[in-house]
Amino acid sequence: MISSFFGKTKPINYIILITFIFIFYWFVHFIVFDKTYGLEELVLQLVILAILSFGLFVLNFIVKRNKITGTHSFAILFFTMLLMVFPQTLIDNNAVLCTFFLFLTMRRLISVRSMKTIRLKIFDATLWIVTASIFYDWALIYLLVVFLAIYIYEPKNLKNWMAPLAGLFTVFMIMYCVLVLTGNTDFLQEHYRLEYTFDKAYFLNWLHSTKLVLYIIGISFVGFMSFLSVGKAGVGKVATLRLIAFLFFLGLVLEVLIATPGKYPIMVTFFPAAIFLAKYVESIKKANIKEIVLMLSIFIPFMVFFIGLIIR
């Protein structure tokens, strides 16, 4: 039943998932974390929720446009379920905004494989990464994905290697001009400190650390299985999965560099994780086994969420 429903891309799939995110978002804020907002803060949260919801469309567009998976809605389903596994990410506005701009980054980088307007796509991807770094300074490490894409697709053209530098210069000049006009020229120096302080208490929280370890193991496994399933599908798809795998790895690095109480950058890993999970499910040939896996993929996040409510 689940496989037949989400096995196709239909407007009803978006409606159900976005409705669920809308309800779950406010439940997490008002019930789980007991937040209270004034009118202006409430408007801000509505904007954040709208961006999060729109991110589902961007994710689905990336997957379908580049034919990373088949014509189904598994990727957006898994992205939604991962929000349940890590509900604390929903109270971190920076996590939502950084993730969204990294969506836009990957939309441009994955499309580089068409070998058309490569430098423009690299330039755009750099702009989006720097924009994402406004919310997490360490998000600048995602520039490594840009250079990896150049290395994979067209490394011999020197102009490709110069495009990220042009993008960096452009966006920082625009930022500096805006900061001068607003009288906040100290922002760049204060924000981009790129400092690292290991928060022992955060990672020694057994509930969080257990979820994180199991999550990494699980996604690593399905990622490995995804590579096996596309091993004979052509160099293009393998190269795309390499970019996605590297994106997941950098997300884990970002989690270690930034994660402290109140900051939950683990959300940036949901994009590659959702794709790997979708690839794994579609590789299952037997319909009854696929149905069981999908049922578990929905049941487990609900179970993890409610267990977290009980023992928090």
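Student: Is helix 6 parallel or oblique to helix 8?
Tutor: The model is a predicted one. In it, helix 6 (residues 118–133) packs on helix 8 (residues 158–182) with the axes 8 Å apart and an angle of about 40°. Angles under 35 degrees count as roughly parallel, and 65 to 115 as roughly perpendicular. The angle of about 40° therefore makes the relation of helix 6 to helix 8 oblique.

Student: How many residues of the contact of helix 6 with helix 8 are charged?
Tutor: Helix 6 contributes Ile118, Arg119, Ile122, Phe123, Thr126, Leu127 and Val130, while the residues from helix 8 include Lys159, Asn160, Pro164 and Phe172. By class there are twelve nonpolar and four polar residues in this contact. The charged residues number two.

Student: What handedness does the crossing of helix 2 and helix 14 have, left-handed or right-handed?
Tutor: Helix 2 (residues 11–32) and helix 14 (residues 287–311) have axes 13 Å apart and an angle of about 15°. Because of that angle, helix 2 is roughly parallel to helix 14. The crossing of helix 2 past helix 14 is left-handed.

Student: Which class do the residues of the contact of helix 2 with helix 14 belong to, nonpolar, polar or charged?
Tutor: Helix 2 supplies Phe20, Phe24, Phe27 and Val32, and helix 14 supplies Phe302, Phe305 and Leu309. The contact has no polar and no charged residues. The seven residues in it are nonpolar.

Student: Which helix gives the largest share of the lining of the largest cavity?
Tutor: The whole structure holds two cavities of 30 Å³ or more, and the largest has a volume of about 50 Å³. Its lining consists of Ile68, Arg113, Val230, Lys237, Thr240, Leu241 and Lys279. The largest share of that lining, three residues, comes from helix 12.

Student: How many charged residues are in the lining of the second largest cavity?
Tutor: The second largest cavity, of about 40 Å³, is lined by Ile51, Leu52, Gly55, Phe79, Val96, Thr99, Phe100 and Phe103. Helix 3 (39–65) and helix 5 (93–110) each give two or more residues to this lining, and helix 5 gives the most, with four. The classes are six nonpolar, two polar and, for charged residues, none.

Student: Which helix gives the largest share of the lining of the largest pocket?
Tutor: The largest pocket has a volume of about 720 Å³. Of its 24 lining residues, Val85, Leu214, Tyr215, Ile300 and Pro301 lie nearest its centre. Two or more lining residues come from each of helix 4 (74–85), helix 11 (206–229), helix 13 (270–283) and helix 14. The largest share, nine residues, belongs to helix 11.

Student: How many residues lining the largest pocket are nonpolar?
Tutor: The lining holds three polar residues and one charged residue. The nonpolar count is 20.

Student: Which helix gives the most to the lining of the second largest pocket?
Tutor: The second largest pocket holds about 460 Å³ of space, and Phe33, Gln88, Asn205, Leu207 and His208 lie nearest its centre among 21 lining residues. By class, that lining has 15 nonpolar, four polar and two charged residues. Helix 4, helix 10 (200–203), helix 11 and helix 14 each give two or more residues. The most, five residues, come from helix 14.

Technical notes: Residues numbered from 1 in each chain as written. Predicted model: local features only at pLDDT ≥ 70, side-chain atom pairs only at ≥ 80, totals over all residues. Heavy atoms only, no water. Axes fitted to C-alpha atoms, helices over the stretch in contact; angles between N-to-C directions. Parallel < 35°, antiparallel > 145°, perpendicular 65-115°, else oblique. Contact = heavy atoms within 4.5 Å. Nonpolar A, V, L, I, M, F, W, Y, C, P; charged D, E, K, R; others polar. Left-handed = near helix turned anticlockwise from the far one by under 90°. 1 Å grid on protein atoms, 1.4 Å probe; cavity = no way out; pocket = protein on both sides within 12 Å on 5 of 7 lines; lining within 4 Å. Points joined across faces, edges and corners; volume = space filled by probe spheres on them.
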